[in-house]
Amino acid sequence: MSRDIATPGLAHWTAVLAGTHGLTARLEPLDGEYDLNFRVLTSGTATHVLKVMRPGCDLGLVELQCAALAHLARTVPAVPLPRVVPALDGASVVTRDDPQGAPRLLWLITSLDGVAYGNFRPQGPALLGELGRRVGELDAGLADFAHPGLARNFKWDLSGAGWIRPYLDLIDEPRRRIVTRICDNFDARLAPALAGLPSVPIHNDINDYNILVARDAGGQPRISGLIDFGDMAAAPAVCEVAIAAAYAVLGQERPLDAIGHLVAGYHAVHPLSDDELALVWPLLLTRLAVSVVNAAMMQRERPDDAYVVISEAPAWRFLELAGEIAPEMALAQLRLACAKPALPAAPRILDWLAERRGSFAPVLDEDLSHAPMADLSIAAPVPRDPFALEADEAAALGGSVAEGEPARLGYYAEPRLIYTGAAFRNGPYGASDRRTVHLGIDIFAPAGRRVLAPLAGTVEAVADRAERFDYGGVAILRHETHAGDAFFTLYGHLNPDVVQRLTPGQGVAAGETFATLGAPHQNGGWAPHLHFQLALTTSGFGHDWPGVASPDEAGLWTAICPNPAALLNLPDQATRHKGPDFEALRAARGARFAANLKLSYNEPCLFLRGWRHYLFDAMGRPYLDAYNNVPHVGHAHPRIQAAATRQMAVLNTNTRYLHPAQTAFAEALTAKLPQRLSVCFFVNSGSEGNELALRLARAHTGGRDMVVPDHGYHGMTTGALDLSAYKFNGPGGGGAPGWVHLVEVADPYRGRYRGDRQAGAKYAAEVDTALAAIEARGGRLAGFIAETFPSVGGQIIPPPGYLAAVYEKIRAAGGVCIADEVQTGLGRLGRHYWGFEAQGAEPDIVVLGKPLGNGHPLGAVVTTAEIAASFANGMEFFSTFGGSTLACVIGREVLTIVDDEGLQANAEAVGDHLLAGLRSLQERHAVIGDVRGMGLFIGVEMVRDRETLAPATEAAGYIANRLREFRILIGTEGPHDNVLKIRPPLTFGRDDAEMLLDRLDRILGEDSCRAG
Ligand SMILES: Cc1ncc(COP(=O)(O)O)c(C=O)c1O
């Protein structure tokens, strides 16, 4: 059909519509492959869609759609479907001539809100589940629909998909092989299976442009319409599911999860039998094969139409990828999603094993009922480096068990970080997914111990997998229940001589010794132990059993490889790992702590382990920490661990005694500061530091009043809080005390001197007003305090010259200048060790906190000898824990590590890279108003409008929460809470920046960000 015939003829059809339906409206053309579709706007609102069918269109086809929609309006009125609006004469379909004089069928339906699902992002689990439910309801509503037009013989009838075979040679190898295999499977298995299923009326084209999505009152995306019934047919209901699933998987990172949500939704309202469920995955592939073959045919007809190739690219991508997914695994996953056992035989086998618990031969010739358990979980400090298990750690795992000592057991389903090899990683980044969940039970016992068959079986496979950290000797036995259901047991880390002892097919009697435990040089390098695993099938993975599953696939793999405890005559409970109970912890926290102790994120995080700039949750999922600045040199730094352990073993006392660690730390710290700043006070926190700084300023000047930039934060103690506009002008705050005088934040983006080259001096001039106010109230200036780069104020980099000009004014008025370097100090800024250096200013007092102890509570105040002398007025200064031996050892180690590991230079290089990447995102995403930062102190300000700077607060919150779903931690900040705050540990690398940029780019393309 040529597009010329479909010339819209707006005026013509507008007049026709007025005549047929009595509607005075404005028409706008909509996309349509063959027919003309118009959006009908009455009084400016889209109320209807006018459908003008192609010349020669079969009336029966339109009547079929009208009848189906009328039927559904009665049977499932809650499903969002268009309604047919009859013409003035009562007919659903009328005939009118087009401008060329050709008769055309036309009909009118109501319009539904929403955007095409295909254009909506993210296509998340809730939406997929709802889609499945809606389609299930639709099919349930069509169950008793009958119409002669349903009996159609056309290319989109999936049960007749075999028609593609003669056209397969339109596709080049190697792709042809993919579709040929699908076609062979269709002919051999699917077509006969479909022939045995009842044909029922289905929509038959739930593709992602026939689904609409709109937000509900709570802002949640919902399925708001299922449209275009033009491909309706009678076919097995599973075809409906498979077609919807074929589109739903495209572009999904975890396609099986996506289909699982869809199919589970469908199954919940319109149950699928086991036989139907078994057809979903292969039919989905068949539908995509039909689609790509159809495209190849179109391409033959229209070789210059690039669109055909582009539109099929996602289907090809998926078909190429799907070759790696075993159909058996896909089916098992869909069955689990529908709350069915992964395999039909699973409950029978498990019951059979449970009934015989206690009667199996002892696998290691030892009663294990009192065996102690080893903790190899995420909470255990094994391995030291969660990215690199060392040989000595592997060889000592589970503690060595001497001959005569009871064996020690390793838990089933325990998440572990010991699997650090590339084979366990699923992605290129440090924080990429990894496999952690142990699928067997370990039995640690001396090498050489005999391994016995717990029950009779035959040898299925035997091998020596000699690679480091593999199994060494490994054997798989096949067993059968009395009902004839097969299952399998695996024995890993054997003496490799098992390869000589056993031959596949050979029988093994219950209690027969068939192997011995390998020593580390034989068993892959591990402490001698047996990895004992059960599998209810091997279809889909053969002899290549995963011993460890990814947390997100643990449900599937623990269903295929259940707890083998029964075969060891042990209870399931005692051998299954139990991690912390998330909900119980959340409830206990609510009960034990005040409500204003907040948790981050809509879905709070529970972390058990940290390493460098990564955190691990209880399942061992790695998170990229782009937020926490306290672990300045990285979480769980080994040198800090070592220094702290050594010091705690000998002495930890206070500053009332001499100790070399105190002076060593003070000297290391002052060496980093301007010479004038030579006297140190050690405290426990940033708050305590600022509190003390305030006292120093007052002692030195005799004044009381302070000048402070707005939106700042200096701590949670009474005096520090009084200096913190972020708090006293925030929720629950009581406003500024009389002695605190706020000046506007020197914010080059949002402040009043935006774009002004003199902005530094002009913001500084604000101090004059504050000084005048002090004088007016008869006060006396003590000083000025500012976060050198305001952080909670929105990660702001003040304009050049600002701080130096302010300091000059403050000093001229007799005050002292306090730099709160809690956020910015110690090399974070890359080019500068301190924030004040970047501003060309030199403070009189510097306050340090957060990063100084890398997580150990440690703050410091460093000042001049003169100010220190003013403070030393006779009253003793003492902070019990401040400056403890331990704190001093740790603080000094932090300073040394920053230098030794070149972290300041890393902050500069990675910060520049990240900022450049963020700026290129800004070019493509209008919601990014500003990208600013220095080193690894970065802010990304989100706006709804780049002119008005209207803050996109919701988008910022959405991004932080979505990044958390992608396992990346950032925060939001600023007076409008619309600034993304990025300030990771200084170990953050280029590939981490790449991961953050990649995920952020994806999220910025989602509807919540596009809407602003
Ligand atoms: C700039 C600044 N100063 C002081 C503090 C208070 O430090 P602490 O929480 O250690 O008392 C903070 C804490 O976030 C801060 O960001």
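The second largest cavity in this predicted model takes up about 50 Å³. A cavity here is a set of points, on a 1 Å grid over the protein atoms alone, where a 1.4 Å probe fits but cannot get out, and its lining residues have an atom within 4 Å of a point. Grid points are joined across faces, edges and corners, with the volume being the space filled by probe spheres set on the points. Around this second largest cavity sit V708, P709, D710, G712, H714, V745, A786, E787 and P790. At least two lining residues come from each of β28 (705-709) and β30; helices (H or I, at least four residues) and strands (E, at least two) are DSSP runs, numbered from the N terminus. Sorted by class, the lining of the second largest cavity has five nonpolar, two polar and two charged residues. For that sorting, Ala, Val, Leu, Ile, Met, Phe, Trp, Tyr, Cys and Pro go down as nonpolar, Asp, Glu, Lys and Arg as charged, and the others, Gly among them, as polar.

In total, the structure has four cavities of 30 Å³ or more. The largest cavity holds about 60 Å³ of space, and its lining is made up of P709, V745, A746, A786, E787, T788, P790, P798, Y802 and L803. Two or more of these residues come from β30 (781-787), and likewise from α22 (802-812).

As for the ground rules, residues are numbered from 1 along each chain as its sequence is written, and side-chain values use heavy atoms, with hydrogens and water left out. Because the model is predicted, local features need pLDDT of at least 70 and side-chain atom pairs count only at pLDDT 80 or more, whereas totals for chains, interfaces and linings use all residues.

Turning to the sheet, an open arrangement of four strands runs in the order β34-β35-β38-β37 with antiparallel pairing, where two strands pair if DSSP finds at least two bridges between them. Its edge strands, β34 and β37 (971-973), each pair on one side only. From one strand to the next, the twist averages 25°.

Strand β34 (residues 928-934) runs antiparallel to β35 and is joined to it by six bridges, with D930 opposite E941. Two residues separate the strands of this hairpin, in which G935 adopts a positive phi near 60°. β35 also pairs with β38 (residues 979-982), in the antiparallel sense and over four bridges. In β38, I982 is the bridge partner of I938, and V979 that of E941.

Helix α27 (residues 953-965) lies across β35, β37 and β38, at about 160° to β37. Such angles run from 0 to 180 degrees between N-to-C directions, using axes that are lines fitted to C-alpha atoms, for helices over the stretch in contact.

Elsewhere, S884 sits in the loop between α24 (865-871) and α25 (885-900). S884 counts as buried because its relative accessibility is 7%. Setting aside neighbours within four places in sequence, S884 is in contact (heavy atoms within 4.5 Å) with N652 and T653.

Terms used: Buried < 20%, exposed > 50% of the residue type's maximum accessible area, 1.4 Å probe, protein only. 1 Å grid on protein atoms, 1.4 Å probe; cavity = no way out; pocket = protein on both sides within 12 Å on 5 of 7 lines; lining within 4 Å.
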